Amino acid sequence: MPPAPAPLKQLSAAQARRIALAAQGFGRARPQAAGRRHLVDVMARLGVVQIDSVNVVSRTHYLPFFSRLGPYPREALENLAWGKRPAFFEYWAHEASLLPLAAQPLLRWRMEDAREGVGVWKGVARFLREHPALMERALAAVAERGPLSASELELGVKGAGGWWGWSEAKRAAECLFWTGRLTTATRRVTFERVYGLPHEILPADLHGAPPPAREDAQRELVRIAARAQGVATERDLRDYFRMAPAETRARIAELVEAGDLVPVTVRGWGQGAYLDPGARKPRRIGGAALLSPFDNLIWFRERTERLFGVRVRLEIYTPAEKRTHGYYILPFLEDEAITARVDLKADRKAGVLRVMATHAEPDATLDTPGRLAAELRLMAGWLGLAEVKVEPRGDFAPALESAFRD
């Protein structure tokens with residue numbers, strides 16, 4: 001039997017990009033009819049999907065699944081996340097996130113940190129200490145009445161200033177959520193979170209299972225991050241689940257020693273990297289996808305620039321007159337490159353997906369307008385919109401508008 005090939009010690013930037021794309025689920029044929037099983041598979045591959053309430057196109061947690069699968073029934077994702085038999089749960093992982101249920105015990109150390117006020121959780125622990133009666137009232141209300149939204153708790157008055165102007169009820173519910181004493185039972189149509197008791201929401205065997213040791217849980221989170229990224233720097237691995245630098249470095253060293261991560265260099269990256277030993281190493285990646293600005297592939301902007309040579313920034317909070325590309329910008333992934341960006345708005349009343357601005361990237365080709373138009377048509381249909389309209393803004397708008405006429 002021939003010996004196994006030696007692990008790669010050095011990768012070109014193109015090899016690293018293909019490994020990263022394959023790890024994220026790109027380069028695969030989309031299913032003809034995506035459903036629950038496909039959504040579960042994507043979540044297992046990614047490990048975490050960020051939640052955001054901005055709905056100018058679609059709330060972001062729907063979009064990574066569309067990017068990888070194409071059209072799928074949105075209610076299937078809602079049932080997986082907030083139905084009677086969920087397969088996902090909500091917690092603070094990358095940011096506010098959906099994760100596979102099996103990951104819940106892996107984050108109990110973070111819930112403990114929130115209770116103890118470790119690191120970024122100091123404000124949470126202080127609020128808990130200063131308002132013990134408020135916490136008990138909130139828990140008692142949920143226990144007596146069943147899952148409740150913050151507006152239904154009615155524990156106090158609107159806050160002034162800090163904590164985004166939250167009411168005392170919202171602050172109490174969120175603190176209890178971050179510390180694991182409440183969890184998300186469901187979401188309302190308005191996307192308002194409804195809080196429930198974990199032992200009533202989570203499967204009994206999961207809720208009752210003893211948590212893994214902190215170090216074991218963190219090692220598994222780094223493994224998940226490595227599998228989801230294929231090849232990654234220490235900062236990439238740390239950012240995926242927003243772990244602390246010292247703990248991330250310690251867990252990486254342990255995984256390297258165990259053979260679960262392979263140190264490599266990537267030409268042009270300027271820093272060391274780690275390869276998932278099981279990562280696919282395709283010779284090419286094909287396909288097209290519109291990417292949410294919060295998509296796992298591009299959410300860490302430093303990594304995005306390293307992989308694609310494109311500087312992606314979120315401009316939602318930038319004053320309109322200072323924006324470069326628009327308000328809600330979706331980069332267009334074409335094979336192995338980001339070739340364009342579109343500023344999109346779902347005009348639901350008019351039944352139109354509006355392309356508010358279109359900009360080309362250096363890797364755009366003569367095929368880019370047609371492929372981008374096809375993906376926009378696909379997205380419009382998935383969103384229940386009848387047509388796509390291209391506004392005359394941006395250097396690539398004329399080419400895209402022409403593609404819709406052809």
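1. Let's start with the second largest cavity, which has a volume of about 40 Å³. A cavity here is a set of points, on a 1 Å grid over the protein atoms alone, where a 1.4 Å probe fits but cannot get out. The points are joined across faces, edges and corners, and the volume is the space filled by probe spheres set on them. Its lining is made of Ala20, Gln24, Ala228, Gln229, Tyr240, Asn296, Leu297 and Arg303, where lining residues have an atom within 4 Å of a point. By class that lining has 4 nonpolar, 3 polar and 1 charged residues. For the classes, Ala, Val, Leu, Ile, Met, Phe, Trp, Tyr, Cys and Pro count as nonpolar, Asp, Glu, Lys and Arg as charged, and the others, Gly among them, as polar.

2. A word on what you're looking at: this is a predicted model, in which local features need pLDDT of at least 70 and side-chain atom pairs count only at pLDDT 80 or more, while totals for chains, interfaces and linings use all residues. Residues are numbered from 1 along each chain as its sequence is written, and side-chain values use heavy atoms, with hydrogens and water left out.

3. Back to the holes. How many cavities of 30 Å³ or more are there? The count comes to 2. The largest cavity also gets a volume of about 40 Å³. Around the largest cavity you'll find Pro293, Arg301, Val312, Arg313, Leu314, Glu315, Tyr327, Ile329 and Pro331. That lining splits into 6 nonpolar, no polar and 3 charged residues.

4. Next, helix packing. Helices (H or I, at least four residues) and strands (E, at least two) are DSSP runs, numbered from the N terminus. Helix α12 (residues 214–229) packs on helix α14 (residues 245–258) at an angle of about 75°, with the axes 9 Å apart. Axes are lines fitted to C-alpha atoms, for helices over the stretch in contact, and angles run from 0 to 180 degrees between N-to-C directions. The angle makes α12 roughly perpendicular to α14, a label that covers 65 to 115 degrees. On the α12 side the contact (heavy atoms within 4.5 Å) uses Arg214, Glu215, Gln218, Arg219, Val222 and Arg223, and α14 brings Glu247, Arg251, Ile252, Glu254 and Leu255.

5. Phe127, Leu128, Arg129 and Glu130 of α6 meet Pro132, Leu134 and Met135 of α7. This contact has 5 nonpolar, no polar and 2 charged residues.

6. Helix α5 (residues 108–116) is worth a click too. Its buried residues (under 20% relative accessible area, with a 1.4 Å probe and protein chains only) are Arg108, Trp109, Arg110, Met111, Asp113 and Ala114. After α5 comes Gly117, with a positive phi near 75°.

7. Two residues other than glycine deserve a backbone check. Most residues other than glycine have a negative phi. Arg242, in the loop between α13 (234–240) and α14, has a positive phi of about 50°. Asp335, in the loop between β12 (329–334) and β13 (337–347), has a phi near 55°. Arg242 is partly exposed at 35% relative accessible area, and Asp335 is partly exposed at 24%; that class lies between the buried cut-off and the exposed one, which is over 50%.

8. Is Thr368 buried or exposed? Thr368, in helix α16 (residues 368–382), is buried, because its relative accessibility is 0%. Leaving aside neighbours within four places in sequence, Thr368 is in contact with Phe332, Glu334, Thr339, Ala340 and Phe396.

9. Ala403, in helix α17 (residues 397–405), counts as buried at 13% relative accessibility. Not counting residues up to four places away in sequence, Ala403 touches Pro369, Gly370, Ala373 and Arg377. The C-alpha atoms of Ala403 and Ala103, 300 residues apart along the chain, are separated by 44 Å.

10. Last one: Val189 sits in the loop between β6 (183–187) and β7 (193–196). With 84% relative accessibility, Val189 counts as exposed. Its C-alpha atom is separated by 21 Å from that of Met379, 190 residues apart along the chain.

How values were computed:
Parallel < 35°, antiparallel > 145°, perpendicular 65-115°, else oblique. 1 Å grid on protein atoms, 1.4 Å probe; cavity = no way out; pocket = protein on both sides within 12 Å on 5 of 7 lines; lining within 4 Å.
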